[in-house]
Amino acid sequence: MTQKIVIVGGGAAGLALASRLGRKFGRSKQLEVCLIDKNTIHIWKPKLHEVAVGVIDQSIEGLQYRDHGLKNGYQYIRGSIENCAPDQKCIYLAPVLNDDNEVIIPQRKIEYDYLVLALGGVSNSFNTLGAEKNCIFLDSLESANRFHDKLLDALLQLNETQTHLSIGIVGAGATGVELAAELHHVIESVTQYGYTNISKQHLEIHLIEAADKVLPQLPEQVSFRAQAVLAKLGIKLHLAVQVKEVTKAGFITAAGETINANIKVWAAGVKGPKVLENFSALPITARNQIEVDHYMKVKGVDNIYALGDCAQLILDTGKPVPPRAQAAAQMAETLFKNISAQMKQQPQKAFVYKDYGSLVSLSRFSAVGNLMGNLRTGTFFVEGHLARLMYISLYQRHLISLYGWFSAFVYRLAQRLLRWKRPKLKLH
């Protein structure tokens with residue numbers, strides 16, 4: 001009898017796993033592979049800030065789950081998980097609603113032989129007063145599109161009034177830094193599309209960080225160079241500043257100062273999605289993450305695995321695997337190999353995290369990062385065009401995991417050709 005593996009979450013980890021399992025086992029019916037996601041389109045999470053500002057169009061860059069599943073041997077099911085019943089080996093999907101808030105698909109029960117939870121992570125407001133009400137949390141395609149709509153409205157108004165637009169971003173990690181840099185690129189570009197009354201003097205970007213430097217998790221040299229580029233672009237850096245409240249007008253700091261902002265973004269911290277609070281049968285941490293062992297198996301539960309930012313895997317060093325795209329990709333690769341070994345009744349291997357360094361895009365202006373591994377002992381600092389090319393290559397590696405080498409090359413070429421004939425910015 002064919003066994004059924006259900007993967008919940010079509011992000012970097014879940015989609016890569018479904019793609020590889022589908023190509024290897026799904027087409028031959030050795031495994032029934034099902035991928036569940038509430039969205040119909042996949043966008044690589046490190047590119048969400050580009051969707052938000054309109055540098056990329058999801059109709060070009062986006063992967064259609066249903067079409068991709070057909071071509072890669074897995075079944076796509078649209079839905080959002082709301083609970084898990086390990087004793088019954090099933091999950092429950094919430095009803096699907098239309099734009100009028102009407103139920104078009106009622107609650108469903110999905111049975112499985114093996115379950116993989118790859119729900120990703122969301123920004124952590126740390127219970128800051130007013131943050132969830134007044135900020136956009138740039139951690140999903142829905143939120144990126146919401147930011148894009150607000151930005152277009154603000155640009156239209158700015159072109160008529162010639163006052164100024166203030167955007168505040170809490171968190172100077174990779175997302176916050178990349179978004180701030182990309183916004184300056186957009187302001188310089190919109191004049192080509194009829195926004196003739198707008199210049200970079202009309203835009204004010206505030207980047208607020210509780211630590212005393214940008215990119216606090218990265219080496220000093222990377223942080224220093226990124227900070228220098230941001231300062232040169234005119235981005236206002238508020239370092240060692242804690243936000244205690246967010247209002248409609250802006251951010252109130254612990255020192256009692258107010259940083260005014262028309263559009264407010266929260267990009268600080270990572271935790272598991274709120275729905276995991278309902279999973280009483282699973283070991284859930286205070287940050288809504290699922291505790292897993294070195295094989296990504298959920299502790300104390302049979303036949304359930306968790307990957308990526310929704311999982312907490314403690315390394316031998318005593319530290320958790322960091323919430324990075326490379327970690328999610330490595331988890332998916334390890335679990336794919338272990339499932340393949342299990343199909344052949346071969347021993348499985350424990351997950352070993354390899355830190356290859358980090359690269360941060362500063363739009364077309366630059367990129368900075370540190371590389372680790374086989375290049376040399378310790379770390380290797382890169383910036384400028386070389387770092388930019390390496391950053392682009394990370395996306396290509398992601399595409400290879402989804403399509404295979406040849407199809408990824410064709411897909412990327414088609415994207416470039418479409419971009420050549422389409423507007424540089426998505427202004428609708």
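## Thr161 and helix H6

Thr161 lies in helix H6, where a helix is a DSSP run of H or I with at least four residues, numbered from the N terminus. At 39% relative accessibility, Thr161 counts as partly exposed, a class that falls between buried (under 20% relative accessible area) and exposed (over 50%), judged with a 1.4 Å probe and protein chains only. Thr161 and Ile198 are separated by 37 residues in sequence, and their C-alpha atoms are 9.6 Å apart in space.

This is a predicted model, in which local features need pLDDT of at least 70 and side-chain atom pairs count only at pLDDT 80 or more, while totals for chains, interfaces and linings use all residues. Residues are numbered from 1 along each chain as its sequence is written, and side-chain values use heavy atoms, with hydrogens and water left out.

## The enclosed helix H1

Helix H1 spans residues 12–26, and eleven of its 15 residues are buried, so the helix is largely enclosed by the rest of the structure. Among the buried residues of H1 are Ala13, Gly14, Leu15, Phe25 and Gly26.

## His49 in helix H2

His49 is found in helix H2, residues 48–53, and it is buried because its relative accessible area is 3%. The side chain of His49 reaches the backbone oxygen of Pro46 at 3.1 Å.

Conventions: Helix = DSSP H or I, 4+ residues; strand = E, 2+ residues; numbered from the N terminus. Polar contact = N/O pair within 3.5 Å; in protein donor to acceptor, adjacent residues only side chain to side chain.
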